[in-house]
Amino acid sequence: MKCKNNDMARHVRVRAVVAYPALSATLVVSIALALTSFSPSQDLAHAATPTPPVTTTSSATPTATPTTATPTTATPTTATAAPSATPSAAATPSAPSATPSPIAIPSASSGSTVTPGSPVDHHVLAWIGGPKLQALYLPVDALMADVSQFQTIRMRFKLHNSGTAAMTAAPQLEYRVSGSKGYTVVPEALLKGIPFRVDREWVPIRPGKAGTKQGPLGADIAVTRLLTGREGGGRAVTGHHSMGANPDRALTLEPGSYTEQEFTVQVTSDARSLTGYEFRITDGHSMLAGSQIAAIRLGAPPKLTLSPRQQQGLTVRSPKPANRSVVVK
């Protein structure tokens, strides 16, 4: 009996053990269902998700994009503007085309037409020399002979307006070889091959003191210092003396008035000995009626005087160039 009771007790324990897993599984399922009931439902998740509004907002963006990306007329306008600017840039190099000034290149006279009522009646020439650098004037209309190179002379012309209207002119000094055709403007600078230039004068630093300095570029000629006389009558007007500008500043003469225009000229080393030169003044673009010509003539070249124990040399041929390829040992 005792053994039978023991076997029954074992069976009861085994059943309990077997039943416990089923109970455990049932308990786990119950807990899972209970927990699931407290989690948000599927409908609430869809309602809370903000995806549809965002999607709607982002979908509006592409509709705006075509408007922004729509081609405007600005791009073609910019593209067409660039080629139109290119011809302007190409035309720029032709802008700095300026007429050469007589200062740089002595130009031929353009005085072909005649200005009426403005005759040049007379002229007077002067040397610049002596310790006081004074101007020694010759008689009116006289020829200046025996001129030497590097000498400074003055040329003064009388302008007389015999017309009935006022006359304005910018006197310009021109020269030519005696007997030749065509005049050339006397330059303001020292140029190779040109025998004259309009130059400044050297004047004493102080009266009675040693030393010199360059004088002004121009000066007025007072009526009391006019030299060509009152031939033709009329009213005398203050003249002008140019010592560096050619043409000189413009002057105006009323009908029946007269004045004098003077230039200081330096003879350069390109002036030929025993050669005559003629000078006149024009209005630059027109010749003054009755223009008088001032004439000068260069003297003979100075003779070469040898000092004691000096003798004239002989002209020899230039030595032949050496052959540098030959090596001398």
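The model is predicted. The chain contains four helices and 19 strands, and buried residues account for 28% of its 329 residues.

**Confidence**

- The average pLDDT of the protein chain is 73, and 61% of the residues score at least 70.
- Over residues 14–105, pLDDT stays under 50, and the model has nine contacts beyond four places in sequence for this stretch.
- Where pLDDT is low, the predicted coordinates should not be read in detail.

**The chain as a whole**

- Of the contacts between residues at least 6 apart in sequence, 67% join residues at least 24 apart.

**Strand S5**

- Nine of the nine residues of S5 are buried, so the rest of the structure largely encloses this strand.
- In a regular strand the side chains alternate between the two faces of the sheet.
- From S5, Thr-152, Arg-154, Arg-156, Lys-158 and His-160 point one way, while Ile-153, Met-155, Phe-157 and Leu-159 point the other way; all of them are buried.
- Strand S2 (residues 120–129) runs antiparallel to S5 and is joined to it by six bridges. Within this pairing, Leu-125 has Met-155 of S5 as its bridge partner.
- Strand S16 (residues 257–267) also runs antiparallel to S5, and nine bridges join the two. Here Lys-158 stands opposite Glu-260 in S16.

**The nonpolar core**

- In soluble globular proteins, nonpolar side chains tend to be buried together.
- The largest nonpolar core in this model has 30 residues, and those with the most contacts inside it are Met-155, Leu-173, Phe-196, Phe-279 and Ile-296.
- Strand S5 (residues 152–160) gives the most to this core, contributing four residues.
- Beyond its neighbours within four places in sequence, Ile-296 is in contact with several residues, among them Leu-125, Ile-153, Met-155, Phe-196, Tyr-277 and Phe-279.

**Aromatic pairs**

- A search of the whole structure finds four aromatic pairs.
- The ring centres of Tyr-175 and Phe-196 lie 5.5 Å apart with their planes at 70°, so this pair is edge-to-face.
- Tyr-175 belongs to strand S7 (residues 172–177) and Phe-196 to strand S9 (residues 196–198), so the pair ties together parts that are 21 residues apart in sequence. Both Tyr-175 and Phe-196 are buried.
- The rings of Phe-196 and Tyr-277 have centres 4.9 Å apart and planes at 85°, so this pair is edge-to-face.
- This second pair links distant parts of the chain, with Phe-196 in strand S9 and Tyr-277 in strand S17 (residues 276–282), 81 residues apart. Both Phe-196 and Tyr-277 are buried.
- Ring pairs link Tyr-175, Phe-196, Tyr-277 and Phe-279 into a cluster.

**An exposed loop residue**

- Lys-132 is found in the loop between S2 and strand S3 (134–137).
- The relative accessible area of Lys-132 is 58%, which means that this residue is exposed.
- Lys-132 and Thr-212 are 80 residues apart along the chain, and their C-alpha atoms are separated by 9.5 Å.

Key: Residues numbered from 1 in each chain as written. Heavy atoms only, no water. Core = buried A, V, L, I, M, F, W, Y, C linked by side-chain atoms within 4.5 Å. Buried < 20%, exposed > 50% of the residue type's maximum accessible area, 1.4 Å probe, protein only. Contact = heavy atoms within 4.5 Å. Pairing = 2+ DSSP bridges. pLDDT = per-residue confidence, 0-100. Phe/Tyr/Trp six-rings, centres within 6.5 Å; stacked < 30°, edge-to-face > 60°.
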